Amino acid sequence: MIALSDVSKQYGKQILFIDASFQLNPGEKAGLVGPNGAGKSTLFRMILGEETPDDGVVSVPKKLSIGYFRQEVDEMSGRSVLDEAIAGSGRLGDLHHELTDLEHAMGDPDRAGELEAIIDRFGQVQEEYQHLGGYELETRARTTLEGLGFEPGQIDGDVGALSGGWKMRVSMAKVLLGRFDVLLLDEPTNHLDIESILWLETYLKSVSATLLMTSHDKDFMNRIVTKVIEIDGGDIVTYSGDYDFYVKERETRETNQEAAYARQQAKLAKEQRFIERFSTHAAKAAQVQSRVKALDKIERIELPKRRKVVKWDFRLPMRSGEDVAMLEGVAKGYGARKIYSDFDFHIRRGERWCVMGKNGAGKSTLLKMVAGALEPDAGSVRLGASLRMGYFAQQSLDLLDPELTVLEQLMQDFPMEGLGVLRNILGAFQFSGDDVDKRIRNLSGGEKSRLVMARMLFNPPNFLVLDEPTNHLDLGTKEMLIEALKDFEGTMLFVSHDRTFLRGLANRVLELGCEEHAGPMKYPGTYAEYVESTGREAPGVHG
């Protein structure tokens, strides 16, 4: 179906592909992996025909329809969320809106002279629309938008009023509604909560479309892909299996390559010693020359480029009191909408509470009240003794100085620390080499998130309040963070849609808006135990 044959591509001195090849067959669901800057987005653009290779062939059948979800917010205004989703859904969306225009034209007295042509065109469009399943389009659009987290009232509301993250969800709905032959999805889970991710998992497993996607969510990849395509060092390597299989196979391959490299180096050294020893012996001249020629012909094995994840051992925070946060009789609402009513919640030292709940259940509101960024309408929020809090939310990114470089920001924050120590923490959060000299104003959202996290954890507080801390973190950084926080001796309250993070760290679960308990449910065990006990990975989503 889609094939790259001996493709080479470079930008200036940066080489992305050298004689790289792979094939994506009809119906396959594949994950695309590789370090930042390896060429994943370029590969997507070459499949779409937006870029051409320097050498080689990209083969894509002409009649193949391709839907592409990218990490860019479309310009959206002047329509309802529903109409915007339908309008962008490819051929079906075009037909939907042409039918609406034709219906208006048929009732327009100023166009009475064109009525016969309008009716004729209406018949043609209607036939194609019906053939493509258009009359179920609005129902499918509503179901899709609800699956992606929209409330019914939002769906009929103004799309222009949405935040960037919600507009990304509308962009996702457009791609899913288009019934494309191929779906190219670039980090589809980035702006979704766990309920929407679980819905999307089910949807993608059920569609017949061929799928190629990037994702920093290991669970999401494992449940959907049956093939992993890795870009690294100019080459493309295909692995048959899920993400976990790929990790094991890659490790085995690298170990075998290292062993082969060591054997070859020993053999080359032995030959070199022979040549050096007998180079001046006339009787051995023919043998020496023969071995020199043989050495020149040997194809050298290269050491595999193992990806380094820098481990960071966090400093020990000071010990807090036994009582960390006490909420008593808390009420909070927005207008007529009541989020909390007479809510009691007690956090003790060493507890790691993950907060779960559907959109609007009050997860971020709770974290803001505990962090002191929001006052309750009634009741009290008290913090314990000897407490030093670190609060991470997307708004934390605004606290960075845009004129400083990454390294300068840390030097300003920690003037007594040596450069080597500061570079180490930055390396743990994937700022290596020239990255530390980037100006903050030029960083992506993900890079800013990593920098804020590095600043917070360099000299860690004893109470971490984290709202979606793994957004935009790649798998390696995420795993480093989980491993480091496993040894964290403080207390945590966090919201996360990443199940690896939840499984690795949560030892308590607070479920908001729990229908079975007519309100918040406090589960006194780990996230893994919560899933096993309730049969669901998120509120309202049963496995």
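User: Which residues of E7 lie on one side and which on the other, and are they buried or exposed?

Analyst: Thr210, Leu212 and Thr214 are on one side of E7, Leu211 and Met213 are on the other, and all of them are buried. Buried means under 20% relative accessible area, exposed means over 50%, and partly exposed is in between (1.4 Å probe, protein chains only). Before we go on, please note that this is a predicted model, where local features need pLDDT of at least 70 and side-chain atom pairs count only at pLDDT 80 or more, while totals for chains, interfaces and linings use all residues. Residues are numbered from 1 along each chain as its sequence is written, and side-chain values use heavy atoms, with hydrogens and water left out.

User: Thanks! Which strands does E7 pair with?

Analyst: Strand E3 (residues 29-33) pairs with E7 in the parallel sense over 3 bridges, and strand E6 (residues 182-186) pairs with E7, also parallel, over 5 bridges. Two strands pair if DSSP finds at least two bridges between them. The strands (E, at least two residues) and helices (H or I, at least four) are DSSP runs, numbered from the N terminus.

User: Which residue is the bridge partner of Ala30 in E7?

Analyst: Leu212 is the partner of Ala30. Met213 in E7 has Leu185 opposite.

User: And what do E6, H8 and E7 make together?

Analyst: With helix H8 (residues 194-206), E6 and E7 make a right-handed β-α-β unit. A crossover is right-handed if, with the strands pointing away from the viewer, the path from the first strand over the helix to the second runs clockwise.

User: Let's zoom out. How many helices and strands does the protein chain have?

Analyst: The protein chain has 18 helices and 20 strands. Its C-alpha trace spans about 105 × 80 × 50 Å along the principal axes. Of its 543 residues, 48% count as buried.

User: Now to strand E1. How do E1 and E2 run, and how many bridges join them?

Analyst: E1 (residues 2-11) and E2 (residues 14-24) run antiparallel, joined by 7 bridges. They form a hairpin with 2 residues between them, and Gly12 in the turn has a positive phi of about 60°. Tyr11 has Gln14 in E2 as its bridge partner.

User: What about E1 and E4, how do they pair?

Analyst: E1 pairs with strand E4 (residues 55-59) in the antiparallel sense over 4 bridges. One of the partner pairs is Ser5 with Val57 in E4.

User: Changing topic: how many salt bridges does the structure hold?

Analyst: It holds 36 salt bridges. A salt bridge is a side-chain nitrogen of Lys or Arg within 4 Å of a carboxyl oxygen of Asp or Glu. One of them is between Arg250 and Asp232, with the closest N and O atoms 3.6 Å apart. That pair links distant parts of the chain, with Arg250 in helix H10 (residues 243-278) and Asp232 in strand E8 (residues 227-232), 18 residues apart.

User: Which residues are linked in a network of salt bridges?

Analyst: Glu201, Asp217, Arg223, Arg499 and Glu537 are linked that way.

User: Where is Gln409, and is Gln409 buried or exposed?

Analyst: Gln409 is in helix H13, and counts as buried because its relative accessibility is 2%. Leaving aside neighbours within four places in sequence, Gln409 is in contact (heavy atoms within 4.5 Å) with Leu400, Asp401, Leu404, Ile440, Leu451 and Arg455.

User: And Pro402, where is that one found?

Analyst: Pro402 is in the loop between E14 and H13. Pro402 is partly exposed, with a relative accessible area of 38%. Beyond its neighbours within four places in sequence, Pro402 is in contact with Arg439, Ile440 and Arg441. The C-alpha atoms of Pro402 and Asn442 are separated by 8.0 Å, although these residues are 40 residues apart along the chain.

User: Great, and where is Thr405?

Analyst: Thr405 is in the loop between strand E14 (389-392) and helix H13 (406-413). At 7% relative accessibility, Thr405 is buried.
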